[in-house]
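User: I'm new to this one. Can you walk me through what I'm looking at?

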Amino acid sequence: VDNHILKYIQSYLDEELEQGERLIVEAHVQRCADCRFALAAERELISAIQKARPLYRAPDSLREKVAWLCRSDPRAGSIRSWVPIAACALIALAIFWFVAPGPFRAGTASFVTTAVDTHLRYLNGQLPLEVFSDSPEKISDWFAGKLPFNLKLPDYPQTPERKPYHVEGARLVGFKQDYAAYVVYRLNGHPISLLVTSDKVATASGGEEIPWGGLRFHFQSVAGWKVLTWSDNGLTYALVSDLEERGQASCIVCHQNERVFKGLQTSSKRL
Amino acid sequence: LIGFRKQESDCYHNVILDNLDALYGFAMSLSRNPIDAEDLVQEACLRAIKGLVKRDIQSNPRVWLFTILRNVWINQWRRRTKGPEFIPLGKNRGEGERFEQWLLDERERPDANFERSDLSEKIRAAIAELPEVFREVVVLRYFEGLSYREIGSVLGCPAGTVMSRLSRARVQLHNMLDEKNTPCFLHRERRSG
């Protein structure tokens, strides 16, 4: 007796199945009246939904406003618009260089800044992910050969309870003339960004130091975002989140065992 | 160099303008209000222009634009709207005018592009009644033709979640159309037969 393919009907009709899977579904429905009927019913519903599509046309007033916005884009302007911007940037850079604290000049803080900036750009939709998967193993595989270091994301076996977090995807991010790994997790609806680079280009320092488990974590709050950085085994990590306190709950993405990040929480309170 | 950059910017701006109708349609499905939809699209376009990055545009401009629009909606606009209304194509509804009366007037409108069958109206009304998480996946998949992966990119969730939401949305649509006594689907005939 064939297994019914009801659960594949939606993916089949939405053209989300591979060619081989499509053939299996098509072969099955030819000999199974129930599945054939279910497929026809679903196809009919989808067709009806598509026919019900309202055909919107953006109002002319909106079109004119957006066209005006495009014309006002400074990047499309003349050289005059570049001169003051370039001058301001040079002045800001000079001021920053003279007044910035030591760690900034050493390049460590720029890793934190890059992590927060990357997190913000992702949230604003300006930084699409290059790989989408909820499997840490697949994401580790995707990074293989693309980075100047080896990165293997921890993948803890499924527990009877549902994991409170999941990985969403990843991409490469430029940092210090090379690539860093950017991974996005979500914990109870909160996005968490993990930025990883070699400790040759960035080391964890600055902010509040929290020793735990043989490592030294550094906590900083940047523009309201909680940033935890640390170095371990040749790599430097930054976790950015909007979670409570020091954002230590974000550590769960690497430490499935709650005891681990509770320990970090206890250590941080002790300090 | 400036000339080349201007040419490049013009090209990106055309991408935004070419997708304006689709953006407006998505904004309508989220806000269900033409005035809010217009403001939402304008804000999203402003952000898109400010954040123009070549690789984003080249990878998938529609996904990029929909993502920005949805983020604007979530961060700024969702709290402002009220009332489960879904306004189809046509004239804007006047202040204080009853929705039912407005809909009735719309049916009389001689507009060849406007699908006016009872079934389509019922389906549009049913989609409007769906919870937002279901409504957006239905609109992006069946109205805008995005793949699960592209929708996942817009919504910031895995493709599996998109599939699950679509599945649940369709079950709800089936049930709602059943309640509205829509005698057009095979599954109803089979059940009654």
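User: Where is A:Glu15 found?

Analyst: A:Glu15 sits in the loop between helix 1 (6-13) and helix 2 (19-31) of chain A. Helices (H or I, at least four residues) and strands (E, at least two) are DSSP runs, numbered from the N terminus. Before going on: this is a predicted model, where local features need pLDDT of at least 70, side-chain atom pairs count only at pLDDT 80 or more, and totals for chains, interfaces and linings use all residues. Residues are numbered from 1 along each chain as its sequence is written, chains are lettered from A and ligands numbered from 1 in the order in which they are written, and side-chain values use heavy atoms, with hydrogens and water left out.

User: Is A:Glu15 buried or exposed?

Analyst: A:Glu15 counts as exposed, at 63% relative accessibility. Buried means under 20% relative accessible area, exposed over 50%, and partly exposed in between (1.4 Å probe, protein chains only).

User: What is the phi of A:Glu15?

Analyst: A:Glu15 has a positive phi of about 55°, although it is not a glycine. Most residues other than glycine have a negative phi. A:Asn233 is not a glycine either, and has a positive phi of about 50°.

User: And where is A:Asn233?

Analyst: A:Asn233 is in the loop between strand 7 (225-232) and strand 8 (235-241) of chain A. A:Asn233 counts as exposed, at 75% relative accessibility.

User: Let's zoom out. How many helices and strands does chain A have?

Analyst: Chain A has nine helices and eight strands. Of its 271 residues, 46% count as buried.

User: What about chain B?

Analyst: Chain B has 11 helices and zero strands. Of the 193 residues of chain B, 50% count as buried.

User: Which share of the contacts in chain B joins residues 24 or more positions apart?

Analyst: It's 60% of the contacts in chain B with a separation of 6 or more. Contact means heavy atoms within 4.5 Å. In chain A, among contacts between residues at least 6 apart in sequence, 55% join residues at least 24 apart.

User: On to the core. Which residues touch the most other members of the largest nonpolar core?

Analyst: A:Ile49, B:Tyr24, B:Val41, B:Phe66, B:Leu69, B:Val138 and B:Leu140, in a core of 69 residues. A nonpolar core is a set of buried Ala, Val, Leu, Ile, Met, Phe, Trp, Tyr and Cys residues joined through side-chain atoms within 4.5 Å.

User: What is B:Val41 in contact with?

Analyst: Leaving aside neighbours within four places in sequence, B:Val41 contacts A:Leu62, B:Leu20, B:Leu23, B:Tyr24, B:Ala27 and B:Leu69. There is also a second, separate core of 29 residues, which includes A:Val131, A:Tyr185, A:Leu194 and A:Tyr237.

User: At what angle do helix 2 and helix 3 of chain B cross?

Analyst: Helix 2 (residues 20-31) and helix 3 (residues 34-50) of chain B cross at roughly 130°, and their axes come within 8 Å. Axes are lines fitted to C-alpha atoms, for helices over the stretch in contact, and angles run from 0 to 180 degrees between N-to-C directions. So helix 2 of chain B is oblique to helix 3 of chain B. Angles under 35 degrees count as roughly parallel, over 145 as roughly antiparallel, 65 to 115 as roughly perpendicular and the rest as oblique.

User: Which residues make that contact?

Analyst: From helix 2 of chain B they include B:Leu20, B:Tyr24 and B:Met28. From helix 3 of chain B they include B:Pro34, B:Val41 and B:Cys45.

User: Now between chains. How do helix 3 of chain A and helix 10 of chain B pack?

Analyst: Helix 3 (residues 33-51) of chain A and helix 10 (residues 159-179) of chain B pack at about 85°, with axes 12 Å apart. That makes helix 3 of chain A roughly perpendicular to helix 10 of chain B.

User: Which residues meet there?

Analyst: A:Glu42, A:Leu45, A:Ile46 and A:Ile49 meet B:Arg170, B:Leu173, B:His174 and B:Leu177.

User: One last stop. Where is B:Glu43?

Analyst: B:Glu43 is in helix 3 of chain B. B:Glu43 is partly exposed, with a relative accessible area of 22%. Leaving aside neighbours within four places in sequence, B:Glu43 is in contact with B:Val72 and B:Gln76.
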